[in-house]
Amino acid sequence: MIRTEEMLLNVGPQHPSTHGVFRLVVKIDGEIITEATPVIGYLHRGTEKLAENLQYTQIIPYTDRMDYLSAMTNNYVICHAVETMMGIQVPERADFLRVMAMELGRIASHLVAWGTYILDLGATSPFIYAFRDREMIINMLNELSGARLTFNYMRVGGVKWDAPEGWVDGVREFVPYLREQLKGYHNLVSGNEIFLDRVKGVGVYSKEDAINYSLSGPNLRSTGVKWDLRKDEPYSIYDRFDFNVVTRDEGDCLARYHVRLEEIEESLKILEQACEQFPAEGEIMAKVPKIIKAPKGEAFVRIESPRGEIGCYISSDGKKEPYRLKFRRPSFYNLQILPKLLVGENIANLIAILGAVDIVLGEVDG
Amino acid sequence: MIEDLLQSSPGLMNFGIFFLLAVVLLLVVLGFVTYAILAERKVLGYMQARHGPNQLGGKWGLLQTVADVLKLLLKEDVIPKAADRPLFILAPIIAFTPAFMVLATIPFTDKFQFADIGVGLLYYIAVSGMTVFGMVLGGWASNNKYALLGGMRAGAQMISYEIPLVMSVLGVILLTGSLNLSDIVLQQEHGWFILYQPIAFIVFFIASIAELNRTPFDLPESENELVAGYFVEYSGFRWAFFMLTEYVYMFAMSSLITVIFLGGWLPPLDVLGFIPGAVWFALKFSLVVFVYMWLRATLPRFRIDRLMEFAWKVLFPVALANIFLTALIKTLFF
């Protein structure tokens with residue numbers, strides 16, 4: 001008679017595939033997981049508490065460090081919240097710059113998600129191809145904002161810097177380039193038998209589960225829910241662009257993979273149209289007071305980040321600092337379904353499922 | 001010359017000669033390993049749109065691996081407190097020794113072979129099977145959970161894949177009627193066995209990747225799941241020994257594939273016979289090594305349960321069918 005014994009295994013906080021400092025305490029029987037408990041907080045910096053003692057403009061750099069793979073959307077959500085409270089109308093040119101920066105950020109983020117996911121599954125080359133193309137985006141955003149990762153680009157009422165000469169042409173040329181590269185990505189990975197074997201039918205959850213667990217972004221759309229705030233609650237100038245909301249019905253890791261890759265294509269469509277409609281000249285900042293004071297009251301705004309719905313709640317008592325600031329951080333919510341998904345899977349699937357959720361620990365821990 | 005020595009009565013003289021030759025072979029193998037690692041990094045680099053090592057030792061980073069090895073030699077020798085000390089020290093040695101032993105029977109050219117024994121192929125497979133002990137022991141002795149999982153995976157994988165590996169070469173043995181590796185090469189004068197035994201070649205090649213623990217079958221050390229698998233607690237020169245084992249096996253396995261399926265030292269066409277056999281051997285051998293590296297750059301990793309299914313439900317029946325087919329054709333037409 002063979003006697004088996006459960007073993008407690010700490011995956012992380014120092015593990016190559018936890019995408020940062022995430023710890024997962026799993027009970028395994030052989031390689032089969034019987035219980036999984038995520039432990040988070042290793043990267044907690046107390047952004048929300050710090051913000052209570054900072055002026056609104058000073059909060060923006062802190063948001064860069066939350067979801068550091070798409071800092072532009074974080075910049076936008078805090079500016080958008082304050083603008084909503086103060087009723088500021090953002091100039092058109094600034095809106096275009098914001099949308100283009102955000103969509104470039106979305107592509108960069110999905111490229112990282114794609115590359116690291118395949119890396120988690122054991123293939124090294126796609127990771128480098130993804131980072132090569134992401135590098136071009138990072139350079140473009142660097143030209144725009146002067147930083148490669150923590151942009152601190154947007155301000156309440158507009159953006160800090162105007163686009164340098166020729167920048168829009170650079171973006172215009174980038175669109176067909178990446179389309180060509182995406183074909184290569186599909187050729188290299190999407191049809192690979194080993195890859196399909198690893199992701200097809202793995203980590204499946206239903207539409208109801210996804211909604212009950214408050215998942216958002218590609219994690220939600222992979223179950224067939226057509227929900228994208230850019231379409232359903234258009235903010236900024238997203239109502240001017242023609243693009244599709246990508247959905248899949250299977251709800252497995254492969255569906256999430258495909259949703260992300262196709263969202264890159266949709267973002268390219270938006271960029272293409274934005275380049276066409278880009279106003280030749282105009283203001284990049286609205287008229288805002290020197291010291292920004294949000295009026296007494298509260299506001300909640302939400303936008304679509306690459307990882308899902310990022311929300312910002314501000315409660316103000318009329319001072320130059322917020323009384324309370326709260327971010328709805330999509331990675332944090334997306335992570336919560338993990339213990340449910342992991343039971344009964346093996347260690348290899350653990351990595352595949354965790355990678356497909358695409359978390360950023362800076363955002364999970366806040 | 002070696003033939004005469006093998007026949008001569010044992011004495012201090014021929015022991016010394018064999019010892020010297022073994023040292024020479026070891027140096028050749030170590031040289032190969034040094035530059036195979038560099039070549040792998042370069043090949044991966046160029047396939048991944050980057051340069052690979054290019055600083056140390058002139059233009060192509062020629063001394064990069066040498067420096068790496070020196071670093072490993074100088075590193076502090078760490079043995080975890082909770083580890084099983086004797087086994088922990090023994091494991092890399094057990095893993096490495098058979099890797100070097102199997103080289104004895106490989107005929108590099110018609111003259112350069114150490115032991116021309118009748119059951120050369122059997123010897124290779126039997127001895128190489130011992131390495132798995134080293135890996136399982138290393139995983140067990142480390143007293144680390146990841147290492148244990150890696151060691152167990154190594155054990156399960158290598159034992160499973162040894163079976164299709166052996167079964168696939170049986171087709172070749174049926175054709176040659178010999179287990180002697182020189183015989184096998186000499187019988188390929190009019191056509192390599194890759195042409196007569198394509199199914200066997202494919203099965204053998206896939207199983208050989210699994211035996212070598214290389215992508216897409218690098219589960220025992222899968223970095224992204226088990227951090228480093230069975231050698232997660234090893235560092236310094238003990239770790240280097242595990243790496244050395246892997247690359248020596250790559251050397252041995254590529255040589256074996258060259259010998260069994262690609263006609264060893266024989267030229268592909270008779271008119272090209274003026275080029276020495278050693279060159280042909282090196283060319284074919286390099287081609288096989290390159291394919292291994294190429295696969296590593298391209299493919300993701302198998303999942304452990306799929307890996308076992310693949311061995312038992314696909315490779316094993318295919319290899320059996322191949323034996324049957326070969327036997328049938330041989331009895332009916334020859």
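**Helices and sheets in chains A and B**

Reader: How far apart are the end C-alpha atoms of residues 247-266 of chain B?
Author: Over residues 247-266 of chain B the chain is 75% helix and 0% strand; helices (H or I, at least four residues) and strands (E, at least two) are DSSP runs, numbered from the N terminus. This is a predicted model, in which local features need pLDDT of at least 70, side-chain atom pairs count only at pLDDT 80 or more, and totals for chains, interfaces and linings use all residues. Residues are numbered from 1 along each chain as its sequence is written, while chains are lettered from A and ligands numbered from 1 in the order in which they are written. For residues 247-266 of chain B, the distance between the end C-alpha atoms is 25 Å.

Reader: What is the distance between the end C-alpha atoms of residues 272-294 of chain B?
Author: The UniProt annotation "transmembrane region", from an unreviewed entry, includes residues 272-294 of chain B; such annotations may be inferred rather than shown by experiment. This span is 78% helix and 0% strand. Its end C-alpha atoms are separated by 28 Å.

Reader: Are H10(B) and H14(B) roughly parallel or roughly antiparallel to each other?
Author: Helix H10 (residues 198-212) and helix H14 (residues 304-333) of chain B pack with their axes 9 Å apart, at an angle of about 150 degrees. Axes are lines fitted to C-alpha atoms, for helices over the stretch in contact, and angles run from 0 to 180 degrees between N-to-C directions. Angles under 35 degrees count as roughly parallel, over 145 as roughly antiparallel, 65 to 115 as roughly perpendicular and the rest as oblique. H10(B) and H14(B) are therefore roughly antiparallel.

Reader: How many residues of the contact of H10(B) with H14(B) are nonpolar?
Author: H10(B) contributes B:Ile199, B:Ala200, B:Val203, B:Ile206 and B:Ala207, and H14(B) contributes B:Leu315, B:Val318, B:Ala319 and B:Asn322; residues are in contact if their C-beta atoms, placed from the backbone, lie within 7 Å. Ala, Val, Leu, Ile, Met, Phe, Trp, Tyr, Cys and Pro count as nonpolar, Asp, Glu, Lys and Arg as charged, and the others, Gly among them, as polar. One residue of this contact is polar and none is charged, and the number of nonpolar residues is eight.

Reader: Are H3(A) and H4(A) roughly antiparallel or oblique to each other?
Author: Helix H3 (residues 71-86) and helix H4 (residues 92-120) of chain A pack at about 140 degrees, with their axes 7 Å apart. A:Ala71, A:Met72, A:Thr73 and A:Tyr76 of H3(A) meet A:Arg98, A:Ala101, A:Met102 and A:Gly105 of H4(A) in this contact. H3(A) and H4(A) are therefore oblique.

Reader: What is the bridge partner of A:Lys27 in S3(A)?
Author: An open sheet of chain A has three strands in the order S1-S2-S3, with antiparallel pairing; two strands pair if DSSP finds at least two bridges between them. Strand S2 (residues 23-29) of chain A pairs with S3(A) over seven bridges. The partner of A:Lys27 in S3(A) is A:Glu35.

Reader: Which strands of chain A does H3(A) touch when H3(A) packs on the sheet?
Author: This open sheet of chain A has three antiparallel strands in the order S6-S7-S8. Strand S6 (297-305) and strand S8 (324-328) of chain A stand at the edges with a single partner strand each, so one side of each lacks a neighbour in the sheet. The direction of H3(A) makes about 150 degrees with that of S6(A), and the strands touched by H3(A) are S6 and S7 of chain A.

How values were computed: Two residues are in contact if their C-beta atoms, placed from the backbone, lie within 7 Å.
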